[in-house]
Amino acid sequence: MSSWKKLDKEELEKEYSPSCWSHRMDRSAVIESHIKELTEASALLIYFHGGYWTILSKELSGFMVPPLVKAGVIVVAVDYVLAPKGNMDLIVSQARRSVAYIIQQYSAVSGVYVCGHSAGAHLGAMVLCTDWTEYNVTPDIKGTLLVSGIYDLRPIVYTSVNHPLQMTEDDAVRNSPMEFANAMKGVAKNSEIVVAVAQYDSNEFRRQSQEYYQAVKAAGLNASFQDISNRDHFDIIEKLVEENYVLTQVLLKMMTRK
């Protein structure tokens, strides 16, 4: 006869109630504490992946998690519909809705931060100029790291990148963060914004990063610029796996600054 069959109903119930067996606190307190541990952290980082809005996924974004989690940060990588299945308006809307949903799930964190690379930096920048009234939330985004991003989509319209996106110039303007730098004053006024670019990014990527930084700075926001030497468009973000990497340290200092 199996040993569990020898237990009466009350004993069996207890055996399958893990909260009854904690040596630290009573059963209700240990569950409350567990929920608190899962939903509270020093900071929450929302990450948008790159891939020109057509490839990559949240599943491929876990590389940068270890040094951040080690510091007590919750990291949430966001997926969005990829072109040609989705157009730019839909992709931007999904990014914004994802932020609204995530901050509602993690309302107890001490700070919300955003990071994005390439196309993901574009989405992060669009998040910063969101009119949140239609989303019924007011996220307090304390810091943003935008890495090798695209902030003016108009040149993209005339490249092969646009084949799956099928953007018109009007679509590009409507979804270009450069057009909304002044609008960020109300939404991102308390946010520290770091714009980073690689030494071996293309001339256009470097120009866009520099001009976006200048526009954000001119709007009176707390912005800084990081020109990362000896890096290209790809390893500038890959290196976030390393705790001592300059941009990892930028993120950690941003999220621990009081």
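Modeller: Start with handedness: α4 and α5 cross in a right-handed sense. Keep in mind that this is a predicted model.

Colleague: Which residues of α4 and α5 make the contact?

Modeller: On the α4 side they are Met88, Ile91, Val92, Ala95, Arg96 and Val99, and on the α5 side His122, Leu123, Met126 and Val127. Sorted by class, the contact of α4 with α5 holds eight nonpolar residues, one polar and one charged.

Colleague: At what angle do α4 and α5 pack, and how far apart are their axes?

Modeller: The angle between α4 and helix α5 (residues 119-128) is about 65°, and the axes are 9 Å apart. Angles of 65 to 115 degrees count as roughly perpendicular, and α4 and α5 are therefore roughly perpendicular to each other.

Colleague: Now the sheet. What is the strand order, and is the pairing parallel or antiparallel?

Modeller: A strand order is read across the sheet, neighbour by neighbour. Here the order is β2-β1-β3-β4-β5-β6, an open sheet of six strands with parallel pairing. The edges are β2 (73-78) and β6 (222-228); each has a single partner strand, so one side of each is left without a neighbour in the sheet. On average, neighbouring strands of this sheet are turned by 15° against each other, direction ignored.

Colleague: Which strands does helix α4 touch?

Modeller: Helix α4 (residues 88-105) packs on the sheet and touches β1 (43-48), β2 and β3, with its direction at about 160° to that of β1. Another helix, α9 (residues 203-218), lies across β4, β5 (192-198) and β6, and runs at about 165° to β5.

Colleague: What are the phi values of Tyr52 and Leu56?

Modeller: Tyr52 is not a glycine, yet its phi is positive, about 55°. Leu56 also has a positive phi, near 70°. The loop between β1 and α3 contains Tyr52 and also Leu56.

Colleague: Why does Tyr52 count as partly exposed?

Modeller: Partly exposed covers the range between under 20% for buried and over 50% for exposed. Tyr52 has 29% relative accessibility and so counts as partly exposed. Leu56 is partly exposed too, with a relative accessible area of 41%.

Colleague: How far apart are Val69 and Ala43 in sequence and in space?

Modeller: They are 26 residues apart in sequence, and 9.8 Å apart from C-alpha to C-alpha. Val69 lies in helix α3 (residues 65-70), and at 45% relative accessibility Val69 counts as partly exposed.

Colleague: And the chain as a whole?

Modeller: The chain has eleven helices and six strands. Of its 258 residues, 47% are buried. Among contacts in the chain with a separation of 6 or more, 76% are between residues 24 or more positions apart. The C-alpha atoms fill a box of roughly 75 × 40 × 35 Å along the principal axes.

Methods
Residues are numbered from 1 along each chain as its sequence is written. This is a predicted model: local features need pLDDT of at least 70, side-chain atom pairs count only at pLDDT 80 or more; totals for chains, interfaces and linings use all residues. Side-chain values use heavy atoms; hydrogens and water are left out. Two strands pair if DSSP finds at least two bridges between them. Helices (H or I, at least four residues) and strands (E, at least two) are DSSP runs, numbered from the N terminus. Axes are lines fitted to C-alpha atoms, for helices over the stretch in contact, and angles run from 0 to 180 degrees between N-to-C directions. Contact means heavy atoms within 4.5 Å. Angles under 35 degrees count as roughly parallel, over 145 as roughly antiparallel, 65 to 115 as roughly perpendicular and the rest as oblique. A crossing is left-handed if the near helix is turned anticlockwise from the far one by less than a right angle, and right-handed if clockwise. Ala, Val, Leu, Ile, Met, Phe, Trp, Tyr, Cys and Pro count as nonpolar, Asp, Glu, Lys and Arg as charged, and the others, Gly among them, as polar. Buried means under 20% relative accessible area, exposed over 50%, partly exposed in between (1.4 Å probe, protein chains only).
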